[in-house]
Amino acid sequence: MDKLRSPATDALFEAILSLETVDECYKFFEDACTIKEILDISQRFEVAGLLSEKKNYQEISKETGASTATISRVAKCLSYGSDGYALVLERLKENKK
């Protein structure tokens with residue numbers, strides 16, 4: 001996390017936290033990112049959800065179109081990362097209750 005932390009990054013994350021609706025997120029991210037970047041991040045997040053459901057790489061690749069390299073990278077983040085995926089997945093699960 002220290003590699004990322006800077007006043008500019010803090011400002012970006014504060015801006016993201018200020019978004020209140022999915023439509024606002026679309027507006028911001030369409031301006032801030034390329035379509036490919038948004039699709040790549042959303043694919044990784046989908047992969048994280050499927051990995052947390054204990055689906056195997058072949059099932060995940062078939063369902064998402066993600067390469068095994070992408071799936072492996074996300075799996076590594078789930079196992080050894082900063083727990084960001086786990087935090088968000090758990091919160092989304094709680095919100096669905």
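Predicted model: local features only at pLDDT ≥ 70, side-chain atom pairs only at ≥ 80, totals over all residues.

Trainee: Where does Thr 64 lie?

Mentor: Thr 64 is in helix α4.

Trainee: And is Thr 64 buried or exposed?

Mentor: Thr 64 counts as buried, because its relative accessibility is 15% and the cut-off for buried is under 20%.

Trainee: So what does the side chain of Thr 64 reach?

Mentor: The side chain of Thr 64 reaches the backbone nitrogen of Ala 66 at 3.1 Å. A polar atom of that side chain also lies 2.7 Å from the backbone oxygen of Ile 60.

Trainee: Nice. What caps the N-terminal end of α4?

Mentor: That is Asn 56: one of its side-chain oxygens lies 3.0 Å from the backbone nitrogen of Gln 58, at the start of α4, residues 57–64. Just after α4, Gly 65 has a positive phi of about 80°.

Trainee: Which residues other than glycine have a positive phi, then?

Mentor: Lys 54 is one of them, with phi near 70°, and Asp 83 is another, with a positive phi of about 70°.

Trainee: Where are Lys 54 and Asp 83 found?

Mentor: Both sit in loops: Lys 54 in the loop between α3 and α4, and Asp 83 in the loop between α5 and α6.

Trainee: How do Lys 54 and Asp 83 count, in terms of relative accessibility?

Mentor: Lys 54 is exposed, with a relative accessible area of 72%. Asp 83 counts as partly exposed, at 48%.

Trainee: Switching to the inside: which residues make up the largest nonpolar core?

Mentor: There are 11 in all: Val 47, Ala 48, Leu 50, Leu 51, Ile 60, Ala 66, Ile 71, Val 74, Ala 75, Tyr 85 and Leu 89. At least two residues each come from α3 (35–52), α5 (68–80) and α6 (84–96).

Trainee: Which helix gives the largest share of the core?

Mentor: That is α3, with 4 residues.

Trainee: Now the helix pair. At what angle do α3 and α6 pack?

Mentor: The angle is about 75°, and their axes are 10 Å apart. That angle makes α3 roughly perpendicular to α6, because 65 to 115 degrees counts as roughly perpendicular.

Trainee: Which residues make the contact?

Mentor: From α3 you have Arg 44, Phe 45, Ala 48, Gly 49 and Ser 52, and from α6 Tyr 85, Val 88, Leu 89 and Leu 92.

Trainee: How many of the residues in that contact are nonpolar, polar and charged?

Mentor: The contact of α3 with α6 has 6 nonpolar, 2 polar and 1 charged residues.

Trainee: One last stop, Thr 9. Which helix does Thr 9 lie in?

Mentor: Thr 9 is in α1, residues 7–18. Thr 9 is buried, with a relative accessible area of 19%.

Trainee: And what lies 3.0 Å from a polar atom of the Thr 9 side chain?

Mentor: The backbone oxygen of Leu 4 lies at that distance.

Terms used:
Residues numbered from 1 in each chain as written. Heavy atoms only, no water. Core = buried A, V, L, I, M, F, W, Y, C linked by side-chain atoms within 4.5 Å. Buried < 20%, exposed > 50% of the residue type's maximum accessible area, 1.4 Å probe, protein only. Polar contact = N/O pair within 3.5 Å; in protein donor to acceptor, adjacent residues only side chain to side chain. Axes fitted to C-alpha atoms, helices over the stretch in contact; angles between N-to-C directions. Parallel < 35°, antiparallel > 145°, perpendicular 65-115°, else oblique. Contact = heavy atoms within 4.5 Å. Nonpolar A, V, L, I, M, F, W, Y, C, P; charged D, E, K, R; others polar.
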